[in-house]
Amino acid sequence: MRDKFFVTTPIYYTNGIPHIGHAYSSLIADSIARYQKINGKKVKFSTWVDENSQKALDKANEIGMEIMPYLDMMAKEHKNVWDWLKINYTDFIRTTEARHHKLVREVLQKSFDNGDIYEGEYEWMYCVGCESFKKDEDLVYMNITTKETFPITDKIKPSSNIIKVCPDHLKEPQTLKEKNYFFRLSKYEQALKDFYKKNPEFIVPQDRFNEVLAFVDRWLEDFSISRETNKFGIKLPFDESQVTYVWYDALFNYVTVCDQNDLGKQEMEFWPADLHVVWKDIIRFHAIYWPAMLMSAGYELPKNVLTTGYFTVDGQKISKSLWNAIDPVEFSAKYSKDLLSLYLLSSFNIGQDWDFDQKQAILTYNAKLANNFWNLLNRAVVLTMKMELENGLDSKVSEENLWIFKWLDFSVSSIWYKIDNLNNSSIDKIDWNFNSLFSLYNENFDKHMSSYNLKLSLDLSFKFLDSLNLYVTQKEPWTLMKDESKLEEVKEIMYTICEWVRQVSLNLYPFFPEKMSEVFNALNLKDYKSRLEAWELKILREEKVVFDIKEKAPILFEKFELE
Ligand code: ME8
């Protein structure tokens, strides 16, 4: 029996089509899912759309469409984006589906029956000037005497002199009251703290987890889970005059896809989720509300939540009205999907805020894939064929060719000192043979992938390739080829290049699956794609290969000019 791995993206609102920020979350989940699969896990990967929202209703009204045809259209558009980017999801969920309504009503009833949901009164803030509801983050503090305004922080409490006002109208918003139901979050304070203590790596990265812990230490308030005024959404089973508001509806999508997949099959063996990918704006809901709601409904808790940072474009918030929402389909059609994935996944650590820089994206791709990787592959192919054509040597190379240096020579071992992810004391203890070289690389690659540090896995792989480039440049096999007495050494070098590229390509497959499949073809490695898809990464890493290259490879990574 293979172990399971269940990864989710956030479900996206459908008031617009996905932009680069959404694509970032989906690409992270996609490469992790692909890696887990080739590494032997039975993978479930769910994604799609959050439909029961006021935002979608407003948008449908704005363009004069009925809500359901509008949602059908948008769901299709979202699916097209993920299909175009070849996101390898296994499950699609729309929150308007009957299976989701059924599950949400069941869990609501459970929590109502055990006393975790109770009736209360919800207070809204409403600015008459803006004709809209306001949250704390939409307001500022104002000193009534000086009329000075400043941001709202936890450190200052409102008083008779300091009031919350709308920043545009400098007026206190009105307070409106409505009957609502609340979730008794306060009851779960200790249980949450115990859970965090037992799972110190629950939230990745650690600094986001620290923020969550500090927040829980300050206070946990019960929160409203329904609205009387909203008409679109899932009705509460115990009071049909109300619909669920946001969190029950949105978060339980992750359980619905296990309770009933899109083919109607139960797959609860995948629950709890191994990984939820979300951005920092919704981390509190995933890290605090979600575990408490699950405990209340009697489900196990997810293992990890990966929190991404905030993307801006040209230093501005991504917004349709600013016309800066980069369309991931258009962008990757113009450049390539590999350029998009490489830039997004290798440029910054997960959790870091980042300004999307098109120029930097092109430079990164040209340096790492078009130069570094393509150069090596091309050298491997062209030089091995040249050996046969110009020197009449059999162009097959294998481990047998390591006869001169059965143990790697100094130029190969010393490059490891340049790879700064390894600590020097462990390097000193290593026997510098070929196998130890690759196991060290693979071990570190796996370590980073298992802690969801995609950037470090990619950095390590490209540094490993850089070092190979250095080795080839030092060895100059093209010069050695002219000297007949050096031909055996040439064969050893060629085997080193081919095997090194093979090892790195296996690890890069989850990031660039189509291109790495072409690399395997170029190295004449048969069935590699299907064998990887049949979970054989570990077997392939260990396999002893005879490289028998017969054809020149097409250009796989074309360079792009800066505009
Ligand atoms: O929040 N930078 O949906 P959503 C980085 N439906 N990531 C971004 C981004 C940006 N500028 N903009 C969007 C919702 N994202 C809810 C989620 S989940 C149970 C419910 C990514 O369409 C980020 O991962 O506003 C965010 O969580 C996600 O898109 C959804 O955004």
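User: Is Ser457 buried or exposed?
Analyst: Ser457 counts as buried, because its relative accessibility is 0%. The cut-off for buried is under 20%. Keep in mind that this is a predicted model.

User: Which helix does Ser457 lie in?
Analyst: Ser457 lies in helix α16, which covers residues 454-475.

User: And what does Ser457 touch?
Analyst: Leaving out residues up to four places away in sequence, Ser457 touches Phe445, His448 and Met449.

User: Let's zoom out. How many helices and strands does the protein chain have?
Analyst: There are 21 helices and 19 strands in the protein chain.

User: What does the C-alpha trace span?
Analyst: About 90 × 55 × 50 Å along the principal axes of the protein chain.

User: Back to burial. What percentage of the residues is buried?
Analyst: Buried residues are 55% of the 563 in the protein chain. Ser457 is one of the buried residues.

User: What about contacts between residues at least 6 apart in sequence?
Analyst: Of those contacts in the protein chain, 75% join residues at least 24 apart.

User: How is the protein chain divided into domains?
Analyst: Domain 1 has two stretches, 4-113 and 248-339. Domain 2 runs over 117-218, and domain 3 over 357-542.

User: How many residues of domain 1 and domain 3 are in contact?
Analyst: 23 residues of domain 1 are in contact with 24 residues of domain 3.

User: How much area do they bury between them?
Analyst: Domain 1 and domain 3 bury about 2200 Å² between them. Carbon and sulfur atoms hold 63% of that area.

User: Which residues in domain 1 lose the most area to domain 3?
Analyst: Tyr35, Ile38 and Asp338. Together they give 35% of what the domain 1 side buries.

User: How many salt bridges cross that interface?
Analyst: The rule finds two salt bridges across the interface of domain 1 and domain 3.

User: And which side chain does Lys37 meet in a salt bridge?
Analyst: The side chain of Glu533, at 3.0 Å from N to O.

User: How many residue pairs are in polar contact across the interface?
Analyst: Six residue pairs are in polar contact across the interface of domain 1 and domain 3.

User: Which elements supply at least two residues each on the domain 1 side?
Analyst: α1 (20-38), β16 (304-308), α10 (328-334) and α11 (337-346). The largest share, seven residues, comes from α1.

User: What classes are the residues on that side?
Analyst: The side of domain 1 that touches domain 3 has 10 nonpolar, five polar and eight charged residues.

Technical notes:
Residues are numbered from 1 along each chain as its sequence is written. This is a predicted model: local features need pLDDT of at least 70, side-chain atom pairs count only at pLDDT 80 or more; totals for chains, interfaces and linings use all residues. Side-chain values use heavy atoms; hydrogens and water are left out. Domain bounds come from an automatic or database domain assignment. Contact means heavy atoms within 4.5 Å. Buried area is the accessible area (1.4 Å probe) that two parts lose on being put together, summed over both. A salt bridge is a side-chain nitrogen of Lys or Arg within 4 Å of a carboxyl oxygen of Asp or Glu. A polar contact is a pair of N or O atoms within 3.5 Å; within protein, one must be able to donate a hydrogen and the other to accept it, and residues adjacent in sequence count only if both atoms are side-chain atoms. Helices (H or I, at least four residues) and strands (E, at least two) are DSSP runs, numbered from the N terminus. Ala, Val, Leu, Ile, Met, Phe, Trp, Tyr, Cys and Pro count as nonpolar, Asp, Glu, Lys and Arg as charged, and the others, Gly among them, as polar. Buried means under 20% relative accessible area, exposed over 50%, partly exposed in between (1.4 Å probe, protein chains only).
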